Amino acid sequence: MRVQRCKGTRDLSPEEMTRFRLIEGVFRDCCLKWGYREVRTPTLEYLHLFTSTGTLTPGRLDKVYSFLDWDGWSGERVVLRPDGTIPVARLYIDSMEGEGLAKLFYVANVFIFEATGKKTRERWQCGAELIGAGSPLTDVELVMLALEILKRLKLEGIELRLSHAGLIRASLAKLGLSPEEQTTIFDRILDGDTEALAKVKFRRPKLKETLPSLLDLKGKSPGFLRNLKAQLSQDLPELQPHIDDFINLTELLEALGCDYQIDIASGRGFEYYTGVIFQLFRGEEKIGGGGRYDALIPLMGGKDIPASGFALYLDRLMSLVKPEALAKPLAQRILVRAQPAAVKEGFSTADYLREAGYVAEFYLGTQEQADFEWTLAVKSKQPLFILTDQVKRRRFEAQTIKEVLAVLREKGGDKGSVA
Amino acid sequence: MEIKVALPKGRLLGETAALLRRAGWGLIGYHERARFYHTKSRRFPNLSAKVFHEKDIPIQVAIGNYDLGICGSDWIEELLAKYPSSGLLKEGNLGYGEGALYMAASRSEGAATVEEMRAKPGIVRIASEYPNLAESFALNLRLRRFSIFPLWGAAEVYPPESADLALAFSTAEELLQYGLAPVSKILSVSAFLIANRNSWESKDMGEVMASLQDVLISESVPRKLAKEKYPSSTTAPRMPEIQYLSEEPAEDIVQLALPDGHQQSPTLHLLSKAGIHIDDYPSAAGNRRPTTDLSGVTIKVIRPQDMPLQVANGNFDLAITGRDWLMEHLYQFPSSPVTELLDLKLGKVKIVAVVSKDLSVADVHGLRQLNAERAVPLRVASEYINIADKYARDNHLGLYRVVPTWGASEAFLPEDADLLIENTQTGRTIARHNLKIIDTLFASTAWLIGSSNRISSSIKRERIKSIIETLRRAVEEL
């Protein structure tokens with residue numbers, strides 16, 4: 001019987017982990033410099049954290065990994081974290097509410113069932129949450145942070161698409177639908193059904209004139225939104241605050257020279273979004289997204305605290321980022337071969353080389369010398385050290401480890417730098 | 001190529017047998033009094049059928065043990081609610097065995113609506129034989145917080161004390177008799193023909209399907225289901241309310257669970273020996289709330305299988321169930337507060353590991369060796385899924401799968417399972433089915449069980465103590 005990998009899971013090979021850590025490193029570095037602090041929440045959470053209206057859509061809940069824990073006789077289930085934001089909001093309510101503003105980030109895996117098993121069911125996210133601030137400036141900060149990370153990953157051709165959950169909700173409320181129907185259609189939009197709005201908008205012929213232009217809205221400037229505002233101001237005053245919020249955001253982005261595309265009907269995202277929704281695309285592939293979720297923390301039993309956040313999809317970035325473009329030249333690799341009588345000296349020599357910034361591997365009888373820039377024989381008799389340049393086929397003898405290091409520095413400069 | 005069919009016993013047996021008779025299958029021995037589970041067709045020599053509990057049939061067809069099956073759509077939807085991508089195809093509505101699944105609440109609490117359930121503070125408890133459907137109902141309704149109590153049966157007796165909602169197969173009229181009112185109709189049920197997806201794609205079942213198609217077409221069953229009507233809770237005639245002991249505070253009243261089924265007469269015998277009188281137990285009319293002369297005690301009759309979980313949740317203080325079902329519960333929830341109070345020494349059975357007589361294995365070590373040489377998982381069938389799982393784990397049976405069954409597990413060997421974890425009194429049924437016992441896990445008798453959680457009411461504590469003592473004396477006399 002062959003050992004099998006669980007369906008819908010993936011292993012990350014050493015090469016893939018190199019990419020993973022590079023992206024994670026850039027993400028962490030940017031977040032820390034912008035004043036965000038890292039958190040880590042548990043893999044297991046209670047299911048009820050995700051079930052209320054305003055958290056996850058039923059379409060997403062159907063794909064949650066839930067089960068009864070060993071003490072789950074009450075019938076309440078636990079889940080493998082299906083989302084990164086809700087646990088962070090829970091953590092904030094749990095222990096950080098007194099702090100007011102919290103700028104947090106995380107690198108976490110989320111679990112979403114996918115029926116074919118061809119896509120991975122465990123996905124990695126780099127997420128940032130800005131809790132306790134509610135201005136359009138906060139949303140812009142998150143957009144700019146996300147874009148900076150992608151820029152530092154040397155990813156080009158990033159497209160920013162904007163939608164607005166408040167605007168969608170307020171429009172749906174004008175369509176004469178029941179609250180259940182409104183939620184259902186909102187959920188379908190968030191789950192990516194771009195036709196959802198088209199299917200309902202004709203049920204109220206009176207709104208036929210104004211709403212389609214709003215819902216099919218695509219544009220690239222705040223002026224576009226301002227015209228719309230003027231058009232709607234008489235018929236739909238309820239939409240005003242959301243349009244104003246949206247205009248403020250786009251004006252700020254405009255001032256920062258940031259390109260974007262407004263596309264209201266493609267508001268794919270989470271049910272907890274209440275304001276701007278932003279999505280990051282490279283070609284047709286979505287590589288991240290975020291939005292404002294002012295109602296989530298009060299809904300979960302916390303204070304009335306606004307928040308917004310985003311996540312970048314690590315698995316997708318891994319296939320896009322070229323490590324050569326990012327990586328510093330790797331440290332030189334030295335294979336240390338000690339004679340049986342000089343094992344102790346061999347280990348201390350390897351330690352010394354590592355301290356000096358080299359990768360020093362101890363010879364275990366199986367490594368190929370050709371995989372290394374250098375080999376270093378450590379002996380109990382003179383000469384104590386024999387250093388061989390595997391690339392240029394040169395041989396150096398040395399009496400002390402300091403001499404070895406001097407040779408490495410002098411002769412190894414053309415092989416890449418020391419880490 | 002052999003075609004295997006899973007046929008229902010119980011509720012759907014009569015009409016299914018009649019349908020297949022009209023289809024000319026010539027099934028041998030598929031009738032109410034059949035003692036064996038296997039049957040052959042006189043018309044289709046390559047067709048063999050086996051009789052199952054209805055609930056087992058979608059699972060057996062989905063995993064490919066059977067190519068075709070007939071069962072109620074309730075059990076199909078229950079499976080698909082959790083496993084939408086399973087290899088199960090619905091081939092057609094057979095137009096009989098009709099009924100409905102209702103989500104219902106107690107009428108004594110006033111009429112409940114979906115909106116009230118959603119607005120309810122705290123946890124909404126739903127009791128059901130259909131836990132997967134109950135969970136999707138709760139998720140789709142966006143209930144903020146809920147608990148599902150999976151049941152073996154008698155869901156209708158749970159509201160209002162032991163659950164807020166019951167999801168049960170019923171009619172609106174029956175619900176009224178139980179003192180319940182429908183909150184929502186979940187599903188219209190009727191008998192369906194189902195097929196395994198792989199079999200459907202790879203096997204020639206044309207003749208068999210044609211025989212059924214003929215029957216259905218010639219009878220031209222109207223496929224459109226009549227729009228179900230059920231009395232809304234406001235217009236329904238008021239039924240006499242269930243009487244609760246209202247003169248006493250609820251926290252002082254002892255909730256006692258008594259078993260239904262074949263445990264009833266030995267339980268009744270013991271109780272009368274103890275001088276405890278119970279009215280209408282066992283009940284010919286199906287009353288599940290008998291009364292007693294014990295003061296401050298309320299009784300409900302439920303399935304013994306469901307008792308440990310109910311005691312763990314504080315819905316009952318005392319219950320009479322088998323030790324087997326207590327162990328089943330504790331293996332799933334090791335830190336559960338349920339505890340053994342008194343061995344009633346009734347209904348002794350052994351829990352045993354059983355294989356086919358044709359298997360050259362004498363004990364579990366032999367089975368382990370045999371399984372190590374096989375490339376396919378060992379199929380372990382049992383009503384006791386947690387006991388079976390633990391047994392397979394503890395004995396390092398390697399690659400195995402537990403197949404849940406709902407009774408008559410001995411029918412699963414040898415074709416549909418390799419190992420059975422089963423209870424037996426005499427071993428005669430096992431021998432009759434050409435099976436053998438290779439291991440005994442433990443012995444089980446009826447026990448009085450309770451909770452180790454502290455009871456705040458001293459009156460209730462005294463009452464429980466007194467019942468235990470009364471029963472202890474009766475057991476010693478027996």
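Me: How do α1(A) and α4(A) lie to each other?

Reply: α1(A) and α4(A) are oblique to each other, since the axes of α1 (residues 14-33) and α4 of chain A cross at roughly 140° and come within 10 Å. Oblique covers what is left after under 35 degrees (roughly parallel), over 145 (roughly antiparallel) and 65 to 115 (roughly perpendicular). Axes are lines fitted to C-alpha atoms, for helices over the stretch in contact, with angles from 0 to 180 degrees between N-to-C directions. Helices (H or I, at least four residues) and strands (E, at least two) are DSSP runs numbered from the N terminus.

This is a predicted model, in which local features need pLDDT of at least 70 and side-chain atom pairs count only at pLDDT 80 or more, while totals for chains, interfaces and linings use all residues. Residues are numbered from 1 along each chain as its sequence is written, and chains are lettered from A and ligands numbered from 1 in the order in which they are written.

Me: Which residues in α1(A) and α4(A) meet?

Reply: From α1(A) there are A:Val26, A:Phe27 and A:Cys30, and they meet A:Leu145, A:Glu148, A:Ile149 and A:Arg152 of α4(A); contact here is C-beta atoms, placed from the backbone, within 7 Å. By class, this contact holds five nonpolar, no polar and two charged residues, where Ala, Val, Leu, Ile, Met, Phe, Trp, Tyr, Cys and Pro are nonpolar, Asp, Glu, Lys and Arg charged, and the others, Gly among them, polar.

Me: And at what angle do α4 and α10 of chain A pack?

Reply: α4 (residues 136-152) and α10 (residues 240-255) of chain A pack at about 45°, with 9 Å between their axes, which makes α4(A) oblique to α10(A). On the α4(A) side the contact is made by A:Pro136, A:Leu137, A:Asp139, A:Val140 and A:Val143, and on the α10(A) side by A:Asp245, A:Asn248, A:Leu249, A:Leu252 and A:Leu253. Seven of these residues are nonpolar, one is polar and two are charged.

Me: Switching to sheets, what is the order of the five strands in chain A?

Reply: The order is β14-β13-β15-β16-β17, in an open sheet with mixed pairing; two strands pair if DSSP finds at least two bridges between them. β14 (359-362) and β17 (394-398) of chain A are at the edges with a single partner strand each, so each has one side without a neighbour in the sheet. With direction ignored, neighbouring strands are turned by 20° against each other on average. Inside the sheet, β13 (residues 333-338) and β15 (residues 374-378) of chain A run parallel and are joined by five bridges, and A:Ile334 stands opposite A:Trp374 of β15(A).

Me: Which helix packs on the sheet?

Reply: Helix α14 (residues 343-355) of chain A does, touching β13, β14 and β15 of chain A, with its direction at about 165° to that of β13(A).

Me: What about the sheet of three strands?

Reply: That open sheet has the order β2-β4-β3 in chain A, with antiparallel pairing, and β2 (44-46) and β3 (66-67) are its edges, so one side of each is left without a neighbour. β3(A) and β4 (residues 78-80) of chain A are joined by two bridges, and A:Phe67 has A:Val78 of β4(A) as its bridge partner.

Me: How many residues of chain B are in contact with chain A?

Reply: 19 residues of chain B touch 15 residues of chain A. On the chain B side, α5 (131-140), β8 (146-150) and α10 (307-312) each supply at least two residues, and β8(B) gives the most, with three. That side divides into 10 nonpolar, six polar and three charged residues.

Me: How is chain A divided into domains?

Reply: Chain A has domain 1 (14-325) and domain 2 (329-415), with bounds from an automatic or database domain assignment. Their C-alpha centres are separated by 52 Å.

Methods: Two residues are in contact if their C-beta atoms, placed from the backbone, lie within 7 Å.
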